[in-house]
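Let's take a friendly walk through a protein model together. Keep the sequence and the 3D view side by side as you read.

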Amino acid sequence: MAFRGREMIKNIMKKVGEKNLAPGVKDSLRKYVPDSKIVMGRAKRGIFAGRHIRFGNSVSEDGGNKTRRTWKPNVQDKRLFSYILDRHIRVKVTTHALRCIDKAGGIDEYLLKTPYCKMDTETGLFWKTKIEKLYGELGNTEVLFFSPEDEAKFEQEFKEMKIAEKAARSEARRRASGWPDKLKQIEGGTDAEEGSLHEAGDHADHENEKVANF
């Protein structure tokens, strides 16, 4: 169950990239992560928010006999949406961590507000450093604003593009189902039926003329 903080920092640097870290993040990691720390091995793979395995006794009602037992945290596998990453994050979290995330306003706010000294898991430190790096990059990006005329033009082009995509999908479905070939067969069948009906009508007129002449 024991693992060293230096190895944890090394793994995080390997995943995130030491060159991509924001200034001061590496120093904060080295400052708050001790050289050795006792953490449940299961907690390395998720965000547990300080909830780990606990030990105690089960006391019987009759004789008061004590038996050693453990209490494991309630861990859930969740998909949490990150607005900074613009995608869902699949991570194992405890119910206590979920309440903390809801109270903070989301996974991004929770990771940004929680100090490094309280992030006692490798997964939590990894996502915190990654979110902070992207948050710093977003702060340096330039934001462009468009005029109302340009926005209306973009909206109209977007609608036309959606209509064209819908027509292309419907045409692809028709071709996949073989509907054009079936339509040709139906049209060919109707032409043949019309020709046979016309021939039958001519034959009936000819027979009627014979009867009249007789």
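This is a predicted model: local features need pLDDT of at least 70, side-chain atom pairs count only at pLDDT 80 or more; totals for chains, interfaces and linings use all residues.

## A hairpin to start with

Strands β4 and β5 form a hairpin with 6 residues between them, and G64 in the turn has a positive phi of about 70 degrees. Strands here are DSSP runs (E, at least two residues), helices are runs too (H or I, at least four), and both are numbered from the N terminus. β4 covers residues 54-59 and β5 covers residues 66-71; they pair in the antiparallel sense over 6 bridges. Two strands pair if DSSP finds at least two bridges between them.

Residues are numbered from 1 along each chain as its sequence is written, and side-chain values use heavy atoms, with hydrogens and water left out.

## The loop after the hairpin

Between β5 and β6 comes a loop that holds P73. Is P73 buried or exposed? P73 counts as buried because its relative accessibility is 13%; buried means under 20% relative accessible area, exposed over 50%, partly exposed in between (1.4 Å probe, protein chains only). P73 and R51 are 22 residues apart along the chain, with their C-alpha atoms separated by 6.3 Å.

## An open sheet and its helices

Now find the open sheet of 3 strands, with the order β3-β7-β6 and mixed pairing. Its edge strands, β3 (46-47) and β6 (75-82), each pair on one side only. β3 and β7 (residues 87-94) run parallel and are joined by 2 bridges; G46 stands opposite K92 in β7.

Helix α3 (residues 95-104) lies across β3, β6 and β7. The buried residues of α3 are H96, A97, L98, I101 and A104, and they pack against β3, β6, β7 and α4 (107-113), where contact means heavy atoms within 4.5 Å. Just after α3, G105 takes a positive phi of about 110 degrees.

Technical notes. Axes are lines fitted to C-alpha atoms, for helices over the stretch in contact, and angles run from 0 to 180 degrees between N-to-C directions.
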